[in-house]
Amino acid sequence: MRIDILTIFPEMFQGPLQTSIIGKAQEKGLLEINLVNIRDYALDKHKSVDDYPYGGGAGMVMKPEPIFRAVEAIRGEDFYPQCRTILLSPQGELFNQEKAQELAASSRLILICGRYEGFDERIRQHLVTDELSIGDYILTGGELPAMVVVDAVSRLIPGVLGDEESAREESFTFGLLEYPQYTRPKEFRGYSVPEVLLSGHHQRIRRWRRKEALRRTWLRRPDLLAKATLTEEDHLLLEEIKQEHGQEE
Ligand code: 4HQ
């Protein structure tokens, strides 16, 4: 997969994307990240990328010309006119695991990171194909959201994760939060690992893990539980859980 990232701060991406799994994915040739400085596509001698809002008001707005020119240069490069072009903004659709899976099926993506108070609306209307938000909070720019999207999408590209990591299907695809995990030592500062995990009874361990995943989801993310497809055993485990918690109140 090739991902082009448009930004006025390409240097922000050096650390996170060169490190660990995403760095390795690039070395292995599974992922190519191309950083494009929007300022290189500015037309005036001052290389402006922002301007005052029509109608007045505080703050600056990202100008259309540099962003249109940068996207068109990328799309034209090897004839990719319909390349998915994603704007990161708090007004976008909430990014989630399902969206990550959908994007991971593309061979090319363009991500647009903005600064200032926002974008000239014509960028949204006539250039962008998708607008994504990573959550309901305001950041200083779209760079961190772009890194979040790149990370979540890249790890779904076949070959990026090792067999260990990819075989284990986690949380959100599964619809429940993860069960508690422990490693050595068996006792740490007087705190011990649940006996069942040391028992070697694979069926009991499986049931305990499923129950604790259900408990955690019920307590912390009931919205996820409402959407999950539950088995008959899950419903029984949930009844046990509710009874156990009822005793505390
Ligand atoms: N911003 N999810 C404002 C975000 C954001 C978010 C990016 C700040 C766009 C103009 N982007 N700029 N949350 O807060 O994606």
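Me: Helices are DSSP runs (H or I) of at least four residues, strands are runs (E) of at least two, and both are numbered from the N terminus. With that in hand, where is the place of P185?

Reply: This is a predicted model. In it, P185 falls in the loop between helix 8 (171-174) and strand 8 (187-188).

Me: What makes the bond that joins R184 and P185 stand out?

Reply: Its omega is about 5°, and the peptide bond is cis. Most peptide bonds are trans.

Me: What about K47 and its phi?

Reply: The phi of K47 is positive, about 55°, and K47 is not a glycine. Most residues other than glycine have a negative phi. K47 lies in the loop between strand 2 (32-37) and strand 3 (50-51).

Me: Which residues are closest to the ligand?

Reply: They are S89, I134, G135, Y137 and L139, out of 16 residues that surround the ligand.

Me: How much of the ligand does the protein cover?

Reply: The protein covers 96% of the 370 Å² of accessible area that the ligand has on its own.

Me: In which pocket does the ligand sit?

Reply: The ligand sits in the second largest pocket. Strand 5 (85-94) and strand 7 (130-133) are the elements that give two or more residues to the shell around the ligand. Strand 5 gives the largest share, three residues.

Me: How do the residues of the shell divide?

Reply: Nine are nonpolar, six polar and one charged.

Me: Which domains does the assignment give?

Reply: It gives domain 1 (2-164) and domain 2 (187-248). Their C-alpha centres lie 40 Å apart.

Key:
Residues are numbered from 1 along each chain as its sequence is written. This is a predicted model: local features need pLDDT of at least 70, side-chain atom pairs count only at pLDDT 80 or more; totals for chains, interfaces and linings use all residues. Side-chain values use heavy atoms; hydrogens and water are left out. A residue is near a molecule or strand if one of its heavy atoms lies within 4 Å of it. Accessible areas come from the Shrake-Rupley method with a 1.4 Å probe; for residues, only the protein chains shown count as cover. On a 1 Å grid over the protein atoms alone, a cavity is a set of points where a 1.4 Å probe fits but cannot get out, and a pocket is an open set with protein on both sides within 12 Å along at least five of seven lines; lining residues have an atom within 4 Å of a point. A molecule sits in a cavity or pocket if more than half of its atoms lie within 2 Å of its grid points. Ala, Val, Leu, Ile, Met, Phe, Trp, Tyr, Cys and Pro count as nonpolar, Asp, Glu, Lys and Arg as charged, and the others, Gly among them, as polar. Domain bounds come from an automatic or database domain assignment.
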